[in-house]
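Thanks for coming. Please have the picture in view.

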Amino acid sequence: MAQLWGGRFQKETSATAAAFTSSITFDNRFYHQDVQGSIAHVKMLAKQNIINNEEKDAIVAGLQAVEADLDAGKFPFTPDHYEDIHSLVETELINRVGDVGKKLHTGRSRNDQCVTDMKLYTLMEAAEIRARLVHWVQTLVDVMEQHVNTIMPGFTHMQKAQPVTLAHHLGAYVEMALRDVSRLDDMMARADTCPLGAAALAGTSYPLDRQYTAKLLGFSRPTDNSMDSVSDRDHICELAFDMSMIAMHLSRFCEEVIMWTSDEYRFMVMDDAWSTGSSIMPQKKNSDVAELMRGRTGRVYGALMGILTMLKGLPLSFNTDMQEDKEGFFDAIDVVKGSLLVASEMVATSTFKPSRMAKSAATGFTNATEVADYLVRKGMAFRDAHSVAGHLVLRCLEEGCDLLHLPFADYKDASDLFEEDVFDVISMEACVNRHNTHGGPAPAQMEKSIAKYKAWLAEQE
């Protein structure tokens with residue numbers, strides 16, 4: 001197995017130990033970042049006259065050749081061949097260009113090399129997740145535009161509460177996604193520092209130009225403390241948390257999709273392409289895709305907790321424990337990226353059922369609060385009005401009807417303030433239209449919200 005160390009050792013590493021400590025099976029996914037970081041480092045070495053330009057050109061050409069072979073899948077990512085992606089790249093470089101390749105590692109350590117690779121990879125994946133969140137917002141907004149006037153019941157405690165619209169309901173998930181994007185932007189801004197040049201933990205005596213290296217790699221500046229540079233994993237923790245929030249938001253949405261597609265609700269029909277059947281029950285059409293998104297949220301949470309737990313007891317600076325920041329993290333990235341893609345396609349191809357939603361909203365006394373508000377506008381104190389409305393609901397339960405079909409005589413018996421216009425006030429459309437304050441479900445407010453979201457989407461282009 002190719003190793004980058006061993007001069008002070010008299011025995012070969014146990015094959016079992018080598019397999020246990022090797023990370024090549026999973027850190028191979030950031031080989032582009034490793035080559036990119038190595039090229040930037042060697043260019044900086046030449047700029048500072050630590051190596052000459054001929055040496056730089058030979059090393060850069062060799063690294064590019066190694067990267068091309070990696071792109072072509074020519075190397076086995078197995079522990080019996082390489083310890084990690086860093087040893088693969090450097091060993092294969094030396095095989096191509098000879099002893100000059102041994103100068104690549106001047107002024108750096110695997111410690112700062114590894115964290116630089118991970119930062120570059122983390123920032124790349126954060127940007128991709130952000131792009132998929134933008135697509136998710138676009139999908140939701142497209143559906144919102146079609147359903148500004150689609151009335152449905154809103155729920156609290158899983159009980160029907162007040163009528164809203166489908167646009168209003170989906171708008172809640174848009175707001176969640178916008179916060180998710182904001183968190184990613186904050187994380188990427190904080191991670192915009194380059195650790196390369198911090199070496200093992202104490203910097204180096206070579207006259208490195210760390211600002212130049214940072215610029216070549218697209219960072220705004222180098223990190224300011226070499227010990228923190230090699231031991232910092234905040235960017236990984238932050239993205240893991242951000243992904244946990246995204247997964248949680250998607251899971252909540254999937255929970256509703258699962259309910260809405262059930263026979264009890266029938267608010268939406270999922271396209272066959274995003275459903276599965278039963279091996280025994282011919283009639284079944286299951287929301288398996290949504291269920292898997294909901295279930296995989298646990299894997300994302302697990303990655304966050306694993307990373308935090310790994311870090312919590314580590315003294316400064318670098319410890320090999322930090323190798324464990326990768327596998328669960330990579331899995332969480334794959335889960336979140338896949339879930340966002342699937343969620344967008346699933347919603348875009350689903351069919352919503354406005355008549356079923358409106359019928360459901362009309363039951364369950366979702367207009368009871370409007371009855372109370374009617375009396376308040378007539379001069380009654382809200383707490384008294386609340387009690388009157390509650391008694392009318394009880395009367396409906398006794399008579400087996402809803403508030404829109406309760407005889408007017410019962411209203412009059414409850415309060416002389418009632419007039420027959422109460423039935424116009426408590427219709428589903430009137431209830432929704434009257435809730436015309438900022439953030440409410442009234443169509444006028446939804447049009448404003450949609451315009452705001454579309455303006456934000458235009459800024460992302």
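The largest cavity holds about 50 Å³ of space. Keep in mind that this is a predicted model. Helices α6, α7 and α10 each contribute at least two residues. By class, the lining of the largest cavity has eight nonpolar residues, one polar and one charged.

How many cavities of 30 Å³ or more does a search of the whole structure find? The count is two. The second largest cavity has a volume of about 30 Å³. Lining the second largest cavity are A247, L250, M293, R296, T297, V335, V336 and S339. At least two residues each come from α10, from α11, which spans 288–311, and from α12, which spans 327–348. Here the classes are five nonpolar, two polar and one charged.

Now the pockets. The largest pocket has a volume of about 620 Å³, and 27 residues line it. Which of them lie nearest its centre? Those are V164, H168, H169, A172 and G439. The elements that give two or more residues to this lining are strands β1 (151–156) and β2 (159–165), along with helices α7 (166–190), α10 (234–260) and α19 (443–460). Of these, α19 gives the most, with six residues. Helix α7 therefore turns up in the linings of both the largest pocket and the largest cavity, by the way the elements are assigned. The lining of the largest pocket divides into 11 nonpolar, 12 polar and four charged residues.

Last, the second largest pocket, which contains about 330 Å³ of space. Its lining has 16 residues, and nearest the centre are D84, R110, F318, T320 and Q323. Helix α6, residues 110–146, gives the most to the lining of the second largest pocket, with three residues. What is the split by class in this lining? Four residues are nonpolar, six are polar and six are charged.

That is the list. I will take questions now.

Notes. Residues are numbered from 1 along each chain as its sequence is written. This is a predicted model: local features need pLDDT of at least 70, side-chain atom pairs count only at pLDDT 80 or more; totals for chains, interfaces and linings use all residues. Side-chain values use heavy atoms; hydrogens and water are left out. On a 1 Å grid over the protein atoms alone, a cavity is a set of points where a 1.4 Å probe fits but cannot get out, and a pocket is an open set with protein on both sides within 12 Å along at least five of seven lines; lining residues have an atom within 4 Å of a point. Grid points are joined across faces, edges and corners, and a volume is the space filled by probe spheres set on the points. Helices (H or I, at least four residues) and strands (E, at least two) are DSSP runs, numbered from the N terminus. Ala, Val, Leu, Ile, Met, Phe, Trp, Tyr, Cys and Pro count as nonpolar, Asp, Glu, Lys and Arg as charged, and the others, Gly among them, as polar.
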